[in-house]
Amino acid sequence: MRKRSVNTKERKGGVALIISVGILALLAMIATSFAINMQLEYKAAVNQLNYTKATVLAEAGIEKVMADIRYKAKTSAYSEVITTFPDDY
């Protein structure tokens with residue numbers, strides 16, 4: 001029986017291929033997790049922006065009503081102020 005001679009360059013090439021495929025798979029996993037994390041961060045930023053807009057809008061509405069009440073109280077008699085705003089207001 002003859003022994004087969006193994007070329008060391010061929011063996012190293014096979015190992016290098018396996019290592020490079022492993023590194024590429026690791027980089028793909030890192031890139032995927034980064035992309036998912038960026039999507040989540042973007043959604044969180046949009047939610048924060050919408051929350052801030054809603055809060056500012058609500059506060060502006062309250063301030064507007066308070067200003068209307070103050071103006072009406074300054075410029076009208078007490079009986080007119082009471083009849084202007086309904087009971088369920």
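Asp68 is partly exposed, at 34% relative accessibility; the class lies between buried (under 20% relative accessible area) and exposed (over 50%), judged with a 1.4 Å probe on protein chains only. The model is predicted: local features need pLDDT of at least 70, side-chain atom pairs count only at pLDDT 80 or more, and totals for chains, interfaces and linings use all residues. Residues are numbered from 1 along each chain as its sequence is written, and side-chain values use heavy atoms, with hydrogens and water left out.

Asp68 forms a salt bridge with Lys64, at 3.0 Å from N to O. The term requires a side-chain nitrogen of Lys or Arg within 4 Å of a carboxyl oxygen of Asp or Glu. The count by this rule is one. Lys64 is also partly exposed, at 49%. Both residues sit in helix α1, four residues apart, about one turn of the helix.

Of its 89 residues, 2% are buried. The chain exposes about 8600 Å², of which carbon and sulfur atoms supply 65%. Areas follow the Shrake-Rupley method with a 1.4 Å probe.

A nonpolar surface patch comprises Val15, Ile19, Ile23, Leu24, Leu26, Leu27, Met29 and Ile30, with about 800 Å² of accessible area together. Patch residues have over 30% relative accessible area and no salt bridge; nonpolar side chains (Val, Leu, Ile, Met, Phe, Trp, Tyr) are joined within 5 Å, like charges within 9 Å. Leu26 lies in helix α1 (residues 8-75). Its relative accessible area is 47%, partly exposed.

Terms used: Helix = DSSP H or I, 4+ residues; strand = E, 2+ residues; numbered from the N terminus.
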